[in-house]
Amino acid sequence: MNNNRLRIAIQKSGRLSKDCQDLLKQLGVKLNLREQRLIAHSTNMPIDILRVRDDDIPGLVMDGVCDLGIVGENVLVEAQAERSGGTQNAEVIKLSKLDFGYCRLALAWPQELGPQDKSWFEGKRIATTYPEILKQYLQRENINASVVMLTGSVEVAPRAGLADAICDLVSTGATLEANGLMQGDTILESNACLIQNPNLSDNNKLALIEKLMPRLKGVKQAKE
Ligand code: PRT
Ligand code: ZN
């Protein structure tokens, strides 16, 4: 990999991929994207695109492996909480909140239990893919509950007897509904965001970012 080229990490395949690719196009970054390739080189700017799992993006940017990244705030906040207190760098510069990838991280429990307040969670098991964000919330709210970490199929955990409740991403609410779950408090609202490694010092790369930022602003305004 050429170190003089600005490296941007985006999600390889998933909910953010299409919007990320469209955004790069709107910024004038021409890409030759081949399905299976990890790296795509821009043909008109000194930019390389790294296509990875979204969970890897915060770490790649925090560690300076990539200069920029586009990732959901949910994934970013969880990764920062995971690194907090440790020796690894947990800092990033948030350059811009983007207008896609909106969702909320919310609590939910079996519908048949009806509406519940926070005290109901006392002593319960809550399944989630975002254990650090959930633990911080529970601490803030003074709730003693245990956190069950699941990387997928969180919404089936109550039915499978793995947990009493869940804390998962919601956009339309259809998944909760289909699984007989009732939505409670929102713990975090999230959009995709553009992040930068805080230690980036290469002047050519910084100048390129300076050039791209007004374009990004223009793209966002055009959509409003
Ligand atoms: O393979 P990789 O690890 O890269 O992808 P992934 O499967 O971890 O992530 P992916 O592609 O599902 O989501 C990427 C990002 O999109 C998330 O981190 C969020 O920032 C954002 N996003 C926006 C969402 C949703 N909306 C969303 N609805 N991510 C997940 N969901 C899931 C949710 O987990 C639940 O299963 O969709 C379901 C709920 O949707 P509704 O519409 O039924 O409420
Ligand atoms: Zn992921």
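1. Gln11 finds its bridge partner in E3, at Val52. Over 6 bridges, E1 and E3 pair in the parallel sense; "pair" here asks for at least two DSSP bridges between two strands. Strands (E, at least two residues) and helices (H or I, at least four) are DSSP runs, numbered from the N terminus. Keep in mind that this is a predicted model, where local features need pLDDT of at least 70, side-chain atom pairs count only at pLDDT 80 or more, and totals for chains, interfaces and linings use all residues. Residues are numbered from 1 along each chain as its sequence is written, while chains are lettered from A and ligands numbered from 1 in the order in which they are written.

2. On to the antiparallel neighbour. Strand E2 (residues 39-41) runs antiparallel to E3, with 3 bridges joining them. One of these pairs His41 with Asp48 in E3. E2 and E3 make a hairpin, with 5 residues between them. Why is E3 largely enclosed by the rest of the structure? Because 5 of its 6 residues are buried, where buried means 20 or more other C-beta atoms within 10 Å of a residue's own, exposed means 12 or fewer, and partly exposed is in between, with C-beta atoms placed from the backbone.

3. Now the cores. A nonpolar core is a set of buried Ala, Val, Leu, Ile, Met, Phe, Trp, Tyr and Cys residues joined through C-beta atoms within 7 Å. The largest one has 28 residues, and Ile8, Ala9, Val61, Leu68, Ile70, Val71 and Ile195 touch the most other members. Two or more residues each come from strand E1 (6-11), helix H1 (17-26), strand E3 (47-52), helix H2 (57-62), strand E4 (68-72), H3 and strand E11 (192-196). E1 gives the largest share of this core, 4 residues. There is also a second, separate core of 22 residues, with Ala127, Leu134, Ala145 and Cys167 among them. As a general point, nonpolar side chains tend to be buried together in soluble globular proteins.

4. Leaving out residues up to four places away in sequence, Val71 touches Asp54, Ile57, Pro58, Leu76, Ala192, Cys193 and Ile195; contact means C-beta atoms, placed from the backbone, within 7 Å.

5. Leu212 belongs to helix H6 (residues 203-223). Leu212 is buried, because 21 other C-beta atoms lie within 10 Å. Leu212 and Leu24 are 188 residues apart in sequence, yet 9.9 Å apart in space, C-alpha to C-alpha.

6. How is the chain divided? Into domain 1 (6-100 + 192-223) and domain 2 (103-190), with bounds from an automatic or database domain assignment. Their centres, taken over C-alpha atoms, are 29 Å apart. Domain 1 puts 7 residues into the contact and domain 2 puts in 8. On the domain 1 side, helix H3 (residues 73-83) gives the most, with 6 residues. That side divides into 2 nonpolar, 2 polar and 3 charged residues; Ala, Val, Leu, Ile, Met, Phe, Trp, Tyr, Cys and Pro count as nonpolar, Asp, Glu, Lys and Arg as charged, and the others, Gly among them, as polar.

7. H3 deserves a look of its own. Its buried residues are Glu73, Asn74, Val75, Leu76, Glu78 and Ala79. Just after H3, Gly85 has a positive phi of about 85°.

8. Where does ligand 1 sit? It lies between domain 1 and domain 2, because both give residues to the shell around it. Of the 21 residues around ligand 1, Gly14, Gly72, Cys103, Thr172 and Thr175 come nearest; to be near, a residue's C-beta atom, placed from the backbone, must lie within 6 Å. H3, E9 and helix H5 (174-178) each supply at least two residues of this shell, and the largest share, 3 residues, comes from E9. By class, the shell splits into 6 nonpolar, 10 polar and 5 charged residues.

9. Two backbone spots to check. Most residues other than glycine have a negative phi. Asn142, however, has a positive phi, near 60°, and sits in the loop between helix H4 (131-140) and strand E8 (146-149). Asn142 is exposed, because 9 other C-beta atoms lie within 10 Å. Ser153 also has a positive phi, about 50°, without being a glycine. Ser153 is in the loop between E8 and strand E9 (165-170), and counts as partly exposed, with 13 C-beta neighbours inside 10 Å.

Methods: Contact = placed C-beta atoms within 7 Å.
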